[in-house]
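The sequence and structure are shown first.

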Amino acid sequence: FEELLGWARGALLAQGLDEDDVNQTVLRLSQPVELEDQRKEAGGGERRHREEEGGVTVCPQRKRLQSGSEVESQAKRACRQKDHRFDPAPHMDPTPNPDPAPHMDPTPDSAPNPDPNAEPTPDGDGSGYVLVVSDGESEGRSREVRLTPFRLTEYLQLSLEEAFFLVYALGCLSVYHNQEPLSIIQLWRRFRSFQPDFVSSYAAYHHYRSRGWVPKAGAKYGADLMLYRKGPPFYHASYSVVVERVDDAFRGAPLRPFSWRSLAALSRITANVSKELMMCYVIYPADLSESELDSPLCLHRLTTQEVIVSRWISSRERTEQDDI
């Protein structure tokens, strides 16, 4: 925490702020936060807001906490993200609990929070909190809640193919619309309405993901997908993939009509960024009806075939032949 304060002080000074003002700001951040005062302040603002609105909003996901817990449950934090007019838990004890695992209500509707460093009840102004444990003897360590010097917000953005794979193949994601969860069939149909070629693009995505590759959007390289061996943080992409829909005889209206000029340009761009161009053909059986495409079960009837497109360079070919 002291290192974070040092970074915050340096960042503020780098912006040309007065040193006395910076010192006062750092001093305020280093002071413990009284949770009871924060809850009273947030509760007062909530009551005023409700009086103005003339109604009470209750989130069905809110869980009850037993006295003595200093950390709110994951379900309550999820509820607060959906409804900013949250009601701070009035029975929370502001005294830090020496037990690193907070005692939750043993009733079935309570959910334990495995993270003892989760943020305590907020004050409603969007401030972040950290739990600071002083260095010292294990029995004499003090625990204080303080304002965090930095608040880093990270957003997860998923493509339609990535989102459906997490829902359909892994079952680790739920997609809600108007606070109602969408079933797999509903999500499939909604994504098809958003993206007409979703069946082909998802079939290709599912094909490569199931074989250990990490597909990502390839728009910046003029392709449909980029294939990574382990992911963007570890390696550059190995292949630029163009997805095409064909029938059993490799006929059909292409999703991306190529001329020789456009294909040569895409091949040249791919080679310049040290990748290979791959054409992924999603093969539809002749007897596959449109009603079958209205369900993800049609994926079992689709097959894929890949073709690598490379640019032939005569001078390089002659050099290789001479070496042989």
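Two strands are taken to pair if DSSP finds at least two bridges between them. Helices (H or I, at least four residues) and strands (E, at least two) are DSSP runs, numbered from the N terminus. The model is predicted, so local features need pLDDT of at least 70 and side-chain atom pairs count only at pLDDT 80 or more, while totals for chains, interfaces and linings use all residues. Residues are numbered from 1 along each chain as its sequence is written, and side-chain values use heavy atoms, with hydrogens and water left out.

**Strand E7 and its neighbours**

Eight bridges join strand E7 (residues 239–246) to strand E8 (residues 276–283), and the two run parallel. Within this pairing, Arg-245 has Val-282 in E8 as its bridge partner. Strand E6 (residues 225–228) pairs with E7 in the antiparallel sense over three bridges; here Leu-225 is partnered by Val-241 in E7. Seven of the eight residues of E7 are buried, so the strand is largely enclosed by the rest of the structure (buried means under 20% relative accessible area, exposed over 50%, partly exposed in between, with a 1.4 Å probe and protein chains only).

**Helix H7**

Ser-200 lies in helix H7 (residues 198–210) and is buried at 2% relative accessibility. Leaving aside residues up to four places away in sequence, Ser-200 touches Val-243, Arg-245, Leu-255, Val-282 and Tyr-284 (contact means heavy atoms within 4.5 Å). On the H6 side, Trp-188, Phe-191 and Arg-192 meet Phe-198, Val-199 and Tyr-202 of H7.

**Salt bridges**

A salt bridge is a side-chain nitrogen of Lys or Arg within 4 Å of a carboxyl oxygen of Asp or Glu; the count comes to seven. Three of them are tabulated.

| Pair | N to O distance |
|---|---|
| Glu-162 and Lys-216 | 3.2 Å |
| Arg-189 and Asp-294 | 3.2 Å |
| Glu-292 and Arg-301 | 3.2 Å |

Arg-189 lies in helix H6 and Asp-294 in the loop between E8 and strand E9 (303–309), so this pair ties together parts 105 residues apart in sequence. Arg-189 is partly exposed at 45% relative accessibility, and Asp-294 is partly exposed at 27%. Arg-189, Arg-192, Glu-290 and Asp-294 are linked in a network of salt bridges. Glu-162 is buried, with a relative accessible area of 11%, whereas Lys-216 is partly exposed at 30%.
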